[in-house]
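Subject: Structure handover

Hello,

I am passing on the structure we talked about.

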Amino acid sequence: MSLASDPEGRAPESVVEVTNPTVREYLDAYWTRVKSGDLGSLPIIFGLIAIAIIFSSQSDVFLSAPNFVNLIRQSAGLILIAIGVVFVLLIAEIDLSVGFVSAVVGVSMTLLLRQSGPDWAWWFVIPLVLMLGAAIGALHGTIVTKARVPSFVVTLAGFLGWSGVVLILTTEFTDSGTILIRDDVVIGIANSFFSDFWGWVLAIVAVGAYAVLQLAKRRARSRAGLPVRPMLIISAQVTALAVVAVVAVAVANSDRGVPMVALLLLGALVFWSFIASRTRFGRHIYAVGGNPEAARRAGINVDRIRIAVFMISSFMAGVGGIVLASRLRSVDPAAGGGNLLLNAIAAAVIGGTSLFGGHGKVVSALLGALVIASLDNGLGLIPNLPSGVKFVVTALVLLAAVLVDSFTRRRQQSSGIA
Amino acid sequence: MSDTGEPILQLKGVSKHFGAVRALVKVDFEVRLGEVMALVGDNGAGKSTLVKGIAGIYRYDEGEIVFEGKAVKIHGPSDTADLGIEIVYQDLALADNLDVVANMFLGREEIRRPYRLNEASMEKASRATLDSLSVTTLASVRQTVAGLSGGQRQAVAVAKAVMWNSKVVILDEPTAALGVAQTRQVLDLVRRLADRGLAVVIISHNLHDIFEVAHRITVLRLGQRVARYEASETNQQEVVEAITAGTVESVPGMTT
């Protein structure tokens with residue numbers, strides 16, 4: 001179906017007057033949005049700054065270069081899993097199985113790489129086990145959509161079932177249950193670093209790509225006769241990103257260098273953000289989360305979107321599982337357990353993704369996981385702190401994030417209906 | 001509007017049964033380009049069933065659908081859309097979390113190169129369609145629907161319907177949830193659709209609204225068409241009588 005082609009279908013071009021906002025008007029509009037409750041990532045960025053200030057006053061180690069590099073490596077697996085959780089929350093579903101699905105994928109990979117076992121090559125094993133992850137998601141999604149069982153129950157069964165599978169797989173081949181990874185490439189995923197030079201190249205390419213994309217978008221809008229953002233704002237954003245990138249790379253280079261896994265994180269964030277906000281598939285995910293009935297009437301295959309989202313969730317859990325296994329250089333029966341699942345869901349929610357569907361961004365996985373990992377890291381540096389405090393503090397931060405979300409949503413509703 | 005011109009959409013003797021319940025009994029209905037046809041009747045008169053048959057949600061048990069002079073079969077909602085018939089339901093079916101542009105193009109997004117949404121082109125087309133309908137109350141087509149008033153939402157839903165080369169627009173209770181000023185805006189909008197040459201069917205309980213915009217009125221009662229009026233040649237009193245006491249050929253359950 002095409003757009004109205006009859007002469008009356010569209011207004012004459014001349015009717016549309018283009019008035020580009022000035023910097024002042026743009027900032028005013030932004031401030032109005034903030035005041036009416038559209039805070040975006042502001043609360044969490046202030047939260048991260050507060051965390052940095054508090055812990056650096058308590059411990060000299062917190063803001064040191066080695067700890068910064070460790071923070072990235074510690075949070076990498078969590079961020080990757082939380083990206084998948086963001087997608088599930090976007091369609092107002094839940095996936096409680098991501099922790100153990102990540103372990104199933106990590107353990108399967110380790111078993112297939114064993115020199116005393118199949119001894120397959122890493123470039124064959126990794127795609128294979130990631131497909132296994134996606135297949136697990138397809139199974140969950142199919143049961144949720146076709147049998148109309150709530151995702152909470154289906155993935156709770158997955159939580160129990162896949163934890164059993166992890167236990168069976170790990171104890172089947174060893175007595176202790178711990179299986180070491182010997183493949184250098186796989187170990188290198190989470191344990192190797194870029195040289196100083198390539199660290200800088202990464203920073204320059206990332207900032208350059210961002211600038212080019214912003215300018216291309218501006219040009220496309222300008223050519224279509226639509227209002228564009230002031231050039232000053234775009235250059236300020238690019239400069240801010242450049243400063244962050246330069247500081248991060250300089251700090252990392254003063255230690256061991258930029259971790260290789262940072263490239264994987266960056267790639268995953270860019271790729272999934274693109275899918276979520278720039279493709280038809282992503283648009284339909286938001287529509288299914290916002291109003292499934294409207295999506296259905298618009299001709300969107302709602303069930304297919306739901307199944308695909310559960311596949312994304314399990315796939316990203318698998319990617320995270322590979323990174324976690326790589327960092328530990330081994331897997332054991334405890335893989336995927338502990339607080340991994342709860343931290344992944346908490347990361348997505350703290351980052352600003354709504355549990356009620358339709359609201360949230362992929363980058364919230366990064367921001368929320370950074371908050372959780374830096375709390376974990378920072379509280380671990382304070383001597384003589386009872387370990388229970390860590391959980392209590394994380395709980396309070398999670399609660400605060402949900403309260404901010406609920407408060408801003410109500411604010412938006414009350415100010416929206418003008 | 002004079003009685004000349006071929007109807008663009010015509011139902012001939014359509015019936016629909018749900019078990020023993022006869023929701024529609026040999027109903028004739030038609031609408032022409034450039035006119036507003038009101039469909040009125042009490043609750044349970046068969047208005048919704050009639051529209052759902054056109055929408056492809058139900059299939060009539062008997063009777064014929066004629067579109068542009070040709071008998072057509074409607075097997076599903078996509079057939080209706082392909083013919084150029086758009087239906088704006090009472091609940092509007094907008095996604096609150098998406099902006100106006102995303103809602104207007106939902107399910108029919110424009111794609112540039114392999115996979116990317118063509119946001120600039122969609123925004124421009126949305127703005128142009130809203131402007132052509134003289135919808136001026138929207139500050140930005142990039143604001144989410146959650147922040148719009150009832151009248152603005154209705155306007156977005158109608159604009160969404162007319163953007164797709166549609167020839168017939170069916171509006172289900174478009175003013176039911178609106179205040180006075182917003183009802184005014186929507187009725188103006190309905191009239192503009194007809195002025196642009198579209199065929200408009202409006203379902204409403206509010207006879208005052210109907211007499212403001214409709215050229216002709218079809219009255220359903222107990223699943224049958226009991227009257228058809230030129231709006232200029234009748235009054236509210238007469239229509240109310242038809243709705244509540246119009247002569248039906250057969251009353252379900254009554255053997256006369």
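This is a predicted model: local features need pLDDT of at least 70, side-chain atom pairs count only at pLDDT 80 or more; totals for chains, interfaces and linings use all residues.

Chain B overall

Chain B contains eight helices and 12 strands. Its radius of gyration is 19 Å, close to the 18 Å that the globule rule gives for 256 residues, so chain B is as compact as a globular protein of that length. Along the principal axes, its C-alpha trace spans about 65 × 40 × 35 Å. Of the 256 residues, 49% count as buried. Among contacts in chain B with a separation of 6 or more, 67% come from residues 24 or more positions apart.

The six-strand sheet

One open sheet of chain B has six strands in the order E6-E9-E10-E3-E11-E12, and its pairing is mixed. The edges are taken by strand E6 (85-88) and strand E12 (224-230); each has a single partner strand, so one side of each is left without a neighbour in the sheet. From one strand to the next, the twist averages 20°.

Several of the pairings can be followed strand by strand. E6(B) and E9(B) run parallel and are joined by four bridges, with B:Ile87 opposite B:Ile170 of E9(B). E9(B) then pairs with E10(B), again in the parallel sense, over five bridges, and here B:Ile170 stands opposite B:Val201 in E10(B). Strand E3 (residues 36-41) and strand E10 (residues 199-203) of chain B are also parallel, with four bridges between them. In that pair, B:Val36 has B:Val200 of E10(B) as its bridge partner.

How enclosed is E9(B)? Five of its five residues are buried, so E9(B) is largely enclosed by the rest of the structure. In a regular strand the side chains alternate between the two faces of the sheet. In E9(B), B:Val168, B:Ile170 and B:Asp172 point one way while B:Val169 and B:Leu171 point the other way, and all are buried.

Helix H5 (residues 150-162) of chain B lies across E6 and strand E9 (168-172), and runs at about 170° to E6(B). Helix H8 (residues 236-245) of chain B lies across E3, strand E11 (216-221) and E12, at about 25° to E11(B).

The four-strand sheet

Chain B also has an open sheet of four strands, ordered E2-E1-E4-E5, with antiparallel pairing. Strand E2 (21-31) and strand E5 (70-72) are at its edges, each with a single partner strand, so one side of each is left without a neighbour in the sheet. On average, and with direction ignored, neighbouring strands of this sheet are turned by 30° against each other.

Within this sheet, strand E1 (residues 9-18) and strand E4 (residues 62-67) of chain B pair in the antiparallel sense over five bridges. B:Leu11 is the residue opposite B:Ile65 in E4(B). Helix H1 (residues 47-55) of chain B packs on the sheet and touches E1 and E2, its direction making about 65° with that of E2(B).

Helix H10 of chain A

Helix H10 (residues 260-278) of chain A has 19 residues, which at 1.5 Å a residue should span 27 Å; the end C-alpha atoms are 27 Å apart, which agrees. The buried residues of H10(A) are A:Val261, A:Ala262, A:Leu265, A:Ala268, A:Trp272 and A:Ala276. Seen down the helix axis, these buried residues fall within an arc of 125°, so they line one face of H10(A). The face turned away from the buried side carries the exposed residues A:Gly267 and A:Phe271.

What covers the buried side? The cover for the buried residues of H10(A) includes helix H3 (65-90), helix H7 (184-191), helix H11 (280-290) and helix H13 (302-328) of chain A.

A residue in H3(A)

A:Ile72 is found in helix H3 of chain A. It has 18 C-beta neighbours inside 10 Å and so counts as partly exposed. Leaving aside neighbours within four places in sequence, A:Ile72 is in contact with A:Pro259 and A:Ala262; A:Ala262 is one of the buried residues of H10(A). A:Ile72 and A:Ala373 are 301 residues apart in sequence, yet their C-alpha atoms are 8.6 Å apart in space.

Regards

Definitions and conventions. Residues are numbered from 1 along each chain as its sequence is written. Chains are lettered from A and ligands numbered from 1 in the order in which they are written. Two strands pair if DSSP finds at least two bridges between them. Helices (H or I, at least four residues) and strands (E, at least two) are DSSP runs, numbered from the N terminus. Axes are lines fitted to C-alpha atoms, for helices over the stretch in contact, and angles run from 0 to 180 degrees between N-to-C directions. Two residues are in contact if their C-beta atoms, placed from the backbone, lie within 7 Å. The expected span of a helix is 1.5 Å times one less than its number of residues. A residue is buried if 20 or more other C-beta atoms lie within 10 Å of its own, exposed if 12 or fewer, and partly exposed in between; C-beta atoms are placed from the backbone. The arc is that of the directions from the helix axis to the C-beta atoms. The radius of gyration is taken over C-alpha atoms; the globule rule is 2.2 Å times the number of residues to the power 0.38.
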